[in-house]
There are 2 protein chains.
Amino acid sequence: MIRLVCPRRFCGTVAVALGVLLFVYAQADAQTDPLASWNDGPAKQAVLAFVKATTEQASPTFVPPGDRIATFDQDGTLWVEHPLYAQAMFALDRVRALAPKHPEWRNKQPFKAVLTGNRETMAKFSEADWEVIVGATHAGMTTEQFLGIVKEWLATAQHPRFKRPYTELVYQPMLEVMGYLRANGFKTYIVTGGGQEFVRVYSQQVYGVPPEQVVGSSLLTKYEFKDGKPLLMRLPKVFFIDDHAGKAVGINLFIGKRPYAAFGNSGGDEEMLQWAMAGAGTRLEMLVLHDDAEREYAYGPAQGLPDTKVGSFSQALYDVAKLNGWVVVSMKKDWKKIFQFE
Amino acid sequence: MIRLVCPRRFCGTVAVALGVLLFVYAQADAQTDPLASWNDGPAKQAVLAFVKATTEQASPTFVPPGDRIATFDQDGTLWVEHPLYAQAMFALDRVRALAPKHPEWRNKQPFKAVLTGNRETMAKFSEADWEVIVGATHAGMTTEQFLGIVKEWLATAQHPRFKRPYTELVYQPMLEVMGYLRANGFKTYIVTGGGQEFVRVYSQQVYGVPPEQVVGSSLLTKYEFKDGKPLLMRLPKVFFIDDHAGKAVGINLFIGKRPYAAFGNSGGDEEMLQWAMAGAGTRLEMLVLHDDAEREYAYGPAQGLPDTKVGSFSQALYDVAKLNGWVVVSMKKDWKKIFQFE
């Protein structure tokens, strides 16, 4: 055993000095680790190796800065999507807020189920039901009015389990990946099945992603010139669905460059990852597996997790991931910390 | 009269030194004038005043860098659009190139007119005729194949009057405005009625505008998974028309921010300029008037210029410009130089 020998009167000083040194060392380590919330393992190593392979001048797969594009799904990849997508929560809150002006909703589905809190019926809502709800809550106003309503909602709404604003329920490890990629010259895009204009309200503040780097689903808008002023009216008609194949189409439409890195968590992201992978050079595809019921949620049939309607990670997707060498991120094993507030 | 008195043997040296000084001064002036190809006048002053008002910290209408958006129409605003838009020239060349595979085109309009060089009929082509031509020449291939075909065409095609590649027929004064705005933190976008994917092929090289900052018209694309690889097939069906009201819609859709400066040259740009102007703070709206038949072209009924089908600048648009304080740029009076090669 090695003992630290010191004259008694200096022992305390030495101990304090050692403590300070250790603290400084730990701080420096935290500061130099761009992925501090990730446990060391294949997922973290894959991100580090990808950045090395694409940004080091000497690398045979070096990518010029202008081509460094990374795309991220939002719901379930960057923030919590359970028990329901935040935007669906917004839509339901809007139905309740608008109900006094629509007495006819009391006896009309899908509104009736929302207004009476009939969870069983709501759980069975079809795509068509949701379209009716979106049409009634997201349209019939100008783009500016819509942004104002979303802003107001985000400031007051709380997640039913975490009792916090939705904008705090972002995954700290993913924010670190976004920041690390940006620090290495990548342009980070959100490519979401959710509403483009909805996400644009908070994308800069929450993710550091400016509105022009949010690709999402959208309603048709109509230019009108009223009282000498132009307006864009949101119509209750779908213009573009940025999900599944729509994600590859949307990336080509809005960015016109193929991503070198793509991040998702469900079947809706498969085509985006396929699209990224089909490019030359080193590419990175990652899928977040929700397997941490304690700290967040555990769902999706992959690896025998409970099946849910929202953000399903099927066994088939898991098999495609394995086959293609896509990195599956286990929230439980790979993430030291899930939320910043922990 | 002031005479430079010098001992005879030094006179030569002094003259050379003075010459060098004058040369250095002129160089420095050219280097410090970001709009060197503009004659001094209200148009040039408007650009300088706008940048001052939006970027100087002390200005009451200072705009944070992230919000500095400038949008530019392309045809007739950034490059030559006469006698026909470059992309229309491309389409006609493609009809001729593809004709051997389509013997039926010989007796079928609108192809017949193109193949027989019937200018009279071609001049009367309707929107529907052009849609048929675009469908036959811009679709039925993957996005990557299309980019390759455009690239090849641009490398060989020449403008009928200037006998130069189209990509050399860009307006030097407008390149200077784009560069000056970018040097002052503005993100420059092309917002064109032309094809988004067409313009993206050369936007970076010609304008310094990356593909993701090109907003344009587009065809529908379809994701397909063939032989283990994803493809995007271009379908002969219009997805989005980025012209007139479509320019305001497209700006909101693709950028999600209102431009502080907008540049156009025809009725198709009016809504874009209205949209920019409706924002708060200092905004700049400019319209290029083609009034220089000698160095470029003179057309559009504004100010009694000859009327043409392509890129018309109507008297009504001129009146709207005057009413709203939009700056009308006279190519003849405001531009010292039109092309870089002059």
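The largest nonpolar core has 60 residues; a nonpolar core here is a set of buried Ala, Val, Leu, Ile, Met, Phe, Trp, Tyr and Cys residues joined through side-chain atoms within 4.5 Å. Buried means under 20% relative accessible area, with exposed set at over 50% and partly exposed in between (1.4 Å probe, protein chains only). The residues with the most contacts inside this core are Phe254(A), Phe313(A), Phe254(B) and Phe313(B). A second, separate core of 56 residues includes Met89(B), Phe198(B), Tyr202(B) and Phe263(B). This is a predicted model, in which local features need pLDDT of at least 70 and side-chain atom pairs count only at pLDDT 80 or more, while totals for chains, interfaces and linings use all residues. Residues are numbered from 1 along each chain as its sequence is written, chains are lettered from A and ligands numbered from 1 in the order in which they are written, and side-chain values use heavy atoms, with hydrogens and water left out.

Chain A also shows a run of paired strands. Helices (H or I, at least four residues) and strands (E, at least two) are DSSP runs numbered from the N terminus, and two strands pair if DSSP finds at least two bridges between them. Strand S3 (residues 187-195) of chain A pairs with strand S4 (residues 214-226) of chain A in the parallel sense, over three bridges. In the hairpin of S4(A) and S5(A), two residues lie between the strands, and Asp227(A) takes a positive phi near 50 degrees.

The two chains meet through 35 residues of chain B and 35 residues of chain A in contact (heavy atoms within 4.5 Å). About 3000 Å² is buried between them, 59% of it from carbon and sulfur atoms; buried area is the accessible area (1.4 Å probe) that two parts lose on being put together, summed over both. In chain B, Glu212(B), Tyr223(B) and Leu253(B) lose the most area to chain A, together 21% of what that side buries. Six salt bridges cross the interface of chain B and chain A, each a side-chain nitrogen of Lys or Arg within 4 Å of a carboxyl oxygen of Asp or Glu. Glu212(B) and Lys187(A) meet through their side chains in a salt bridge (2.8 Å, N to O).

Elsewhere, Phe339(B) lies in the segment after helix H14 (331-334) of chain B. Phe339(B) counts as buried because its relative accessibility is 1%.
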